[in-house]
Amino acid sequence: MLTWLWLYGLLTRRGARLAVAAAGIALAVALPAALGVFLSSAKTTMTARSVERVAVDWQVEAQPGASITTPMPGTFREVDFAAFDGLSTPTIDTGPGRALGLPADYADVFPGQTRLLAGDATGALLAQQTAANLHAEPGTTVTVHRRGRPDAEVTVSGVVELPEADALFQRVGAPAGAQPQAPPDNVLILPAARWHQLFDGSATARTQFHVRLDHQLPPDPADAYIKVTGAARNLEVRMAGSGLVGDNLGAALGAAREDALYSQLLFVFLGVPGVVLAVLLTASVARSGAVRRASEQALLRARGATPAVFLRLALAETLIVWAAGTLAGLGLAALTGPVGGWGAVSAALGLVVTCATVLPSALRPGSVITGRAPVTTGRPPAALRFWLDFVLIAAALVLFRLTTGHQLVLVPEGLTQISVDYWAFAAPALLWAGLGLLVWRLVLLLVGPGRGLLARLAAPLAGGLSGTVAASIARQAGPIGRGVTVAALAVAFVLSTATFNATYRQQANVDAVLTNGADVTVTRTTATEGRLAGVPGVSAVEPLQHGFAYVGSDLQDLYGLRAGTVLSAARLQDAYFPGDTAAGAVGKLAARPDALLVSQETVTDFQLRPGDLVRLRTQDGQVVPFHYAGVVAEFPTAPRDSFLVANASYLASACPRSCGSTTFLVSTDGTAPHVVAARLRDRLGPSAGISDLDTTRRIVGSSLTAVDLGGLSAIELGYGLALVVAATGLLLVLGFAERRRTFALARVLGARPRQLGAFIWTEVALVGLGAALLGTAAGWAVARMLVAVLTGVFDPPPDQLAIPWGHLAVLAGLGLVVLPAAGLIALRAARRPPLTVLRDL
Amino acid sequence: MTVVACQDVARTYGRGHKAVVAVHGISCGLGRGDHVALTGPSGSGKTTLLHLLAGLDRPTTGTIAWPDLDDEPRGHVGVVFQGPSLLPPLDAAENVALPLLIAGQPAADARLRALAALDAVGVGDLAAKLPQELSGGQAQRVAVARVLAGSPQLIIADEPTAQLDAPLAVRVVELLVTVAEELHAALVIATHDARIAQLLPVHWRMRDGGLTC
Amino acid sequence: MILQAEELYRFYRSGEEETRALRGVSLTAGAGEVVAISGPSGSGKSTLLNCVTGLDDPDGGSVRIAGRRISHLPEAEKARLRSRLVGVLFQSGNLVGHLTVARNLRLAQALGGRPDRAYLDELLDRLDLVGLRDAWPSALSGGEAARAGLAVALACRPALLVADEPTGELDAGSEASVLDLIRDQAREKTAVVIASHSAAVRNRADRVVELADGRLV
């Protein structure tokens, strides 16, 4: 009864204030819920992508001399392997390779394993490289040199690509960390019956079961990993040594779970400050109106309200605010996806936050009726008196030093669990808190001891009243200090998040460019440069030779470029060439036809000095002399760390046949790369390898990149901007409402609207500039530390932070709307007849 | 020598059937040196009339003129009212100096005059105190000093003694009268206390928005 | 006797300074009696009222209301006694701003644990507040607010009505009518203690007690 009466009154007459508090709670609830939803969906996507990426989940290989009788799970097919000594056509011979026997429906069951490039799949198939070596095409008859048996002949019916050759030819049961085995140079695929005719009983014959599991996996990659690897070990145990499992799916999920942990780290890093801010904001809102609250409580006490009654009323108010805030917050979060369990967690968090912010101010006992606005004259807050700001910042720097270079995500050998070094969080968290306190100190310094300076700064706005305005602000140091601090922290939050996300995007782009080499990359084509250039949307085409060569016994990728034009088409970055620029390195190639760029590792291994002679041996044994000219660390499309770069014209003349194929780097005229790629695909047919930057950006690197921070950053920034608006506009308006008496009195004393404006605009400017300048500085510092701590999510690590100009502009624009709006609202309120206002107060 | 003159003034709040007539049919005038007590029950329109006289509000119909003030009352009217009439964030001297600064005086001059005015009403030692540190009587004295410092030609006081003990109230009103005499200003004090009203020579009574002089 | 306050002492300390607000004050009030306490600012009137209503505990002495001790009890106990036995009327701010007049009365009754619609209607009628039942406090004139405050103070039929400058902001006409209403209430066997410096209050009291420097004069 009592409680309902009270609540009814609050809802009808103090609805706006409750709504504002509830909005703060809504923010505190919405962020973790939305991030949680995002995180869950990101993890689900990671699991799904891992499954998609794997052509064959398990390759179960029978051990020599044993045969597997244990039933396989899921869908499976038997695949047979055997080695041969060579293949030949009447004119050409190639070296040794492997022959596979596949059942007729293999391609239907495992569609990712083979890709038919030419002919049909009914008979013997050659891998693309093998076909190229033999100059074979469908219909060609090839002789197979079997090991220890007579030669046999097969007629080629088609040519295929084996995209997952590494996994297909893996050494099943190889110890973890062993060097991966390179796939064979020559591959012949036979129908199962034909394989058995040719290779049954061969000493090199091996049998594998290729298994596709049912993909009912837990959404979290870590759980899925545990389930899949567990099942694999279980199968091995049941096979009792007769077979081993090559767990391709487990390996993919193992990589994905690391990425999942990183995304969880991001969630914490980016989410926690937002929640803390919402708490601060709600607390500030709850604090305003303290005077009226105190007098109401004094009145209730005089009417005989017991402490239990106060508690009940306070709890009722708290619960109303919580319920409204939580519903609104979850509603917001539901825009990003189904909230589910994260909703419950966030609601619980919201309850804690509401109790911490609304309850204390609703409970503060009032013993006397105080009718006066609180004026601060007292000492600075305890946290500042004990120099907590400097202590926190120093601690943050020390911790940062200690934890830099630590692996954030730990993958212990031989354990299925991976863990996160949560200590790394401490440094940015402490820095953030310390900077917040430092901002507070600076604001208090400016409005307190720095009053003279403030008065001079206020002079352009306040004229002769500047001293009075400064004095008035100085006596409101408490609320103004808190307001500026919360606003600055909100700005810092937006900026650090935006900077982090922008840097992340920048690096993802760098990674994609590095992998793809250009906007669109075309391989395995016989088309000419001119034909490609004729496709709409193409602005430039640059041919790049690619082959292999031995440096000593080490087989490395060898690239040949056209020094005259490469800079205009390929996206070469200075960072690719340590100690040099892209132009400088290309210039060295241009200066000498047989110049060679090699990796740092090669330089060290062979003690090279500029000008030294380097002899490379091509795959067919030809030796070509080069001269060492410089170091290259990264190169477009280069997959490994060690590779060689030379002049294409020199390669063409030195080894016309065996120095590889031509890759075309295609630049677009601004048309989206994937559009141009589609056109090229139409023009060149299915056998050409065409990849574009858009697609590469989605699939390269980790699945974390693939998930794309876009969604996360939209949530973060929408939320951050809402916080900035609330922190600046709302706190200002509430602060002005508390000082209606001051403004009414000033009007009675003859102040014109312009002079009232001096009070209002000075404060608006103080909050706006303080938040902008201090917030930007703090945001920059936090962003730097965040990027440094989270280096692990960047590939490659960034040289410099990307500045989020777009967000800066939005933030500035928002400030230019919200701050004047707050001032105008206050000015309008100050227009009411002043004596009436004074009577009401 | 007319400071303010009202001609058939009325002020209505709101519109249509919700309109409330706060004052109506008021014609009156104040010359320099006039001291008037404005009495009447609460809700009779005293505050509205004071708003109009001070130029803080405009009449709905009728005219108000301030011939001696060049029809610009702003800055020439000193106001004291009930309850705390000082700006909470400013100390006593800053409060007293505020109307001078608003009128455009240089800060240093304003401060000197403020300190002199505080001395003149006997609270010079409170110059650096904040309003929350002052008692009710002290606060009203500072408010009177603020009026004095502004050298207004019209002084308006709305229930200046409502929260003061009787002896203190009398002293505050006497102080106002002294200041008004010193400035040769017109003085209007709205009060419901008959003993306070007795201290002034002229009585205006308000009833239901009308005025009898 | 409804109110028996004996030998009340109350000291405040702030830093070095000690203020002796009450120095051995005794005060009684019987059913139907109106006692006025007068004295200059700072004489201890408010402190005395705070002790009498149990909002504050005296450092020495005791307070009994209707035979039950209210001083030196746990806060919850004091609050419960206060809600049933004492009605408090302040100079202003007697109403909760976010509740209408009638709901303010219902709130007071709920606090005292005595919902009584019939008496509530009777009070509104007697204090001429029927037309203001659903008015918000901010819309009331001074006199109306004082009458509404009195209604709230009386909502639980208190044995003792304590008023602190109840007419400080009222014009003479409103003051007289409020005082008459308080007098009427005293006839209903309520003891009334009013602190005021108004002559009108003193004239209508059965007994006037002068307080100066924390002592009875």
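1. Let's start with Phe390(A): is this residue buried, partly exposed or exposed? With a relative accessibility of 42%, Phe390(A) counts as partly exposed, because that class runs between the buried limit of 20% and the exposed limit of 50%. Please keep in mind throughout that this is a predicted model. Phe390(A) sits in helix H13 of chain A, which spans residues 388-403.

2. Together with Trp387(A), Leu388(A) and Val391(A), Phe390(A) makes a nonpolar surface patch of about 390 Å².

3. On to the interface of chain A and chain C. The size of an interface is often given as the accessible area lost when the parts come together. Here the area buried between chain A and chain C is about 2400 Å², and carbon and sulfur atoms give 66% of that area. The contact draws on 23 residues of chain A and 28 residues of chain C.

4. Which residues form the salt bridge between these two chains? The rule finds one salt bridge across the interface of chain A and chain C. Arg301(A) pairs with Glu75(C), and their closest N and O atoms are 3.0 Å apart.

5. As for the elements involved, helices H1 (2-13), H9 (290-302) and H10 (307-334) of chain A each supply at least two residues of the side that touches chain C. The largest share of that side comes from H1(A), with eight residues.

6. Now a look at chain A against chain B, through Gln755(A). This residue is placed in helix H28 of chain A, residues 753-789. Its relative accessible area is 8%, so Gln755(A) is buried, the limit for that class being under 20%. The side chain of Gln755(A) reaches the backbone oxygen of Ile102(B) at 2.6 Å. Neighbours within four places in sequence aside, Gln755(A) is in contact with Leu465(A) and Gly750(A) in chain A, and with Leu101(B) and Ile102(B) in chain B.

7. A last stop in chain B: Leu168(B) belongs to helix H5, residues 166-183. Leu168(B) has a relative accessible area of 23% and is therefore partly exposed. How far apart are Leu168(B) and Val123(B) in sequence and in space? They are separated by 45 residues in sequence, and their C-alpha atoms are 14 Å apart.

Note on methods
Residues numbered from 1 in each chain as written. Chains lettered and ligands numbered in written order. Predicted model: local features only at pLDDT ≥ 70, side-chain atom pairs only at ≥ 80, totals over all residues. Heavy atoms only, no water. Patch = residues over 30% accessible without salt bridge, like charges linked within 9 Å, V, L, I, M, F, W, Y side chains within 5 Å. Areas by Shrake-Rupley, 256 points an atom, 1.4 Å probe, with all protein chains shown as cover. Salt bridge = Lys/Arg side-chain N within 4 Å of Asp/Glu carboxyl O. Helix = DSSP H or I, 4+ residues; strand = E, 2+ residues; numbered from the N terminus. Buried < 20%, exposed > 50% of the residue type's maximum accessible area, 1.4 Å probe, protein only. Contact = heavy atoms within 4.5 Å. Buried area = accessible area lost by both parts, 1.4 Å probe. Polar contact = N/O pair within 3.5 Å; in protein donor to acceptor, adjacent residues only side chain to side chain.
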